[in-house]
Amino acid sequence: MRPVIAVLLAAAMLMGLQPSASSPDSIVDRSSRNLASVPRDLPHTTELLDLSCNHIQQLHRGDFKNTTLLRFLNVSWNSLEDIDPETFLDTPLLEDLDLSHNRLRNLSGQQYLLHTENLLVLNLVCNNFLTMTLGSEFRSLVKLQRLALGAKNISTSDFININEVKLRTLTLSLENQQGYTAGSLQDVHAQKLQIAFTSYQILNHYLVSDALSLFAVVELMDLTSGFKDLRKQLKERVEILTSHLYLTNISIDWKDLTDFVSVVLHTSITHLTASDATLYDLPQNDTEVTQTSQMKSFTARRAMVKSFLFSQEAIYNFFINMPVESLAIVETSMIHMTCPKLHSPILQLDFSNCALSDSIFSRLEGQESLECENLDNVRELILVGNNFKSLQILSKRFQFMKSLQHLDLSINSLVYDGLGECAWPPNITNMTLSSNGLTASVFKCLPKGAETLDLQNNQVSVIPSSILKLEHLSSLNLNANRLRDLPVCSDFPILNKLLLKSNSLHAPSVNKLESCPKLKTLDVSSNPFTCTCALKSFIRLGIESEKKTSHTGIELLSWPFEYNCTYPEAVKDVPLKYISIPEVSCNIGLLATAILCPVVVVIIAVVTLCHRLDVPWYMGMIWQWTRAKHRTRMRQVRPEDLLGVEFHAFVSYSQHDADWVQNSLLPNLEGSAGGLRICHHEKNFVPGKTIIENIIACVEKSRRSVFVLSAHFVKSEWCHYELYFASHQRLAWGTDSVVLVLLEPLPQYLIPAKYYQLKSMMGRHTYLEWPQDRAKHRLFWANLRAALQADLPNAPVTELE
């Protein structure tokens, strides 16, 4: 933005105006474009228009017909000679008009002002006005607040047409002024009078006299001489209305300055300010300053020296010994400030934005540094923007300021290592240490009576507990530090306001606020919040704060607009207010219950269903069928080993179970149903041979032996013999030569001890159980046939008799 635009906007802000920026075309800069007239293509949204530094000679009616929203107009530094009376007929909102540095000739002929009744600021300096006579059109400017004029002659009644206008500021530019008539400013009603002089212009006695007697605030600008006359005039006057006297952009030697200040100290002027002052002929020795005064404050701003050889201490001594309540030397390259020679009446000291070091107020005597004891009335000390390094050393520099209550040490390079003791005066209640390099150890070096503490923009990462108990602290500002969690307030029992904006808090522990019973205001905005379970309690606090239902009564500042997630990526930049974290995902007990309960229910349901449908039995039978098929496929029996083998199986059973064998077993294994050759004693035992011989013969002629087990089986002596011989056959054919069929449940305790071989087999081998459910019979027979299936040599033509 061009400087002229920036100045114009700044002036508007000072007047309390707020130029809107509702569209990109609201501010239009057409300065320095070599224009000869007002452009016709101005946007209708224009509110601020800069036409300065062009060659416009006239303003016509209709020049601004398209800019009905115009509020600020700058036509300075053109060649304006004439303005049509109806030029501003289409700009009813115009508030600021700058027509300075043009060629307008008559202040009594500015008819265009009749259509600017909303004007607040009007600048007409540096035109070709011979007299200051204001025309009747100025009466219409009832809202005017700032008026800047310039003419060669000022006479009585020149301002009669604005005698009812209540101005804030009247600026008179003395453009090679030739004459001023005493009393010419009596018709002006303004809070402040600014008089801008030209280089080396002679100070008009009557003008200064009227200024001091008619205006509460007087500002003399660009003075380079005439200070002796001004001093003389102040000394001779009995009544002075002016309470605030400003000297701006002046050039003055040391003797004129000190003499002038000494005179002002004896007048009724209460506030003297010198800004942008250039000093020369500076002293080598101290300059005496009166110790009686009605002046309350002295301010020097942006002072600059033009001398090379002088005593800095002499300059500092003059100012620090002034009998005023408030002393301010700001924005000045001052490296030290001495201690007053006597007890000083100063209540407020402001040395902001200078170059002061840790040696402030002290003096060396030999190798010893003596601290200042004569500033014991100072209540407020402002030392913003200097070169201070050690917080501990500064505490010693101020230790005798027993009245000190407000101390501002912000924007320095202060550090504290936590080793040495600090010695602050006892009455400090308000302390500002913002924008330094302080860490957590600073809490060991603070005034114990502090009520308000500002530590923003430092390097504090944690607030250590039990280091220093600040029983009176009610407000703590830790914005822009490195804190990772909320502090515990055990050392701040009455803390009411806690500011933690722009730290490193990911998930503030809300339970720590229980240690802050008096806390009512909390700011944790603009932190990198991690939206996980740990943040759930803090989100609840924010929502309760917004609804004013929090049991703690804490107000969360800037909620919800400056509280956003930074992690996880899925919810980045989403306001915490809209984040929903399910309770079940944060509570391990609930999470375990939510997961295990359905699993347990499913398991129970599956087990119950399997039990009701006999799934285990089916699975077992399928497993046995699979194993039988696998054994048949994997076991390679040589043909010569099967010589003499005529049957797939020999069936051993109790006579009590003969019906089941005859009616169920044999029909499902033999013939077309099973395709197996089965040997059993009723059909295949040879008459004439003993039972033992028949048993041995049948076992030897069979590939496998099937034992139908039941309670009757274990009571049969012959069954025991058959089992005995079959167990020996296992040595030749392997473990799969014996197949056990459990016809009914047979607990181990019912098997006699002599049947140890049967017990051993039942313990090591899977046996087939005869199912009572008819639906399971098909699978049972399939398993049994699979277990007995084998490739046998052709059976003999004649069967055994």
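**Exercise 1. How many salt bridges does a search of the whole structure find?**

Start with the cut-off: a salt bridge is a side-chain nitrogen of Lys or Arg within 4 Å of a carboxyl oxygen of Asp or Glu. With that rule, the search of the whole structure turns up 19 salt bridges. Keep in mind that this is a predicted model, where local features need pLDDT of at least 70, side-chain atom pairs count only at pLDDT 80 or more, and totals for chains, interfaces and linings use all residues. Residues are numbered from 1 along each chain as its sequence is written, and side-chain values use heavy atoms, with hydrogens and water left out.

**Exercise 2. Work out where Asp259 and Lys255 sit relative to each other.**

Step 1: the closest N and O atoms of this salt bridge are 2.8 Å apart.
Step 2: both belong to helix 4 (residues 254-264), and because they are four residues apart, about one helical turn separates them. (Helices are DSSP runs of H or I, at least four residues; strands are runs of E, at least two; both are numbered from the N terminus.)
Step 3: Lys255 is exposed at 56% relative accessibility, whereas Asp259 is partly exposed at 23%. (Buried is under 20% relative accessible area, exposed over 50%, partly exposed in between, using a 1.4 Å probe and protein chains only.)

**Exercise 3. Find which parts the Arg302 and Asp276 pair ties together.**

Step 1: the closest N and O atoms of Arg302 and Asp276 are 2.7 Å apart.
Step 2: Arg302 lies in the loop between strand 18 (297-301) and strand 19 (304-305), and Asp276 in the loop between strand 16 (271-275) and strand 17 (278-280), so the pair ties together parts 26 residues apart in sequence.
Step 3: Asp276, Arg301, Arg302 and Glu331 are linked in a salt-bridge network.
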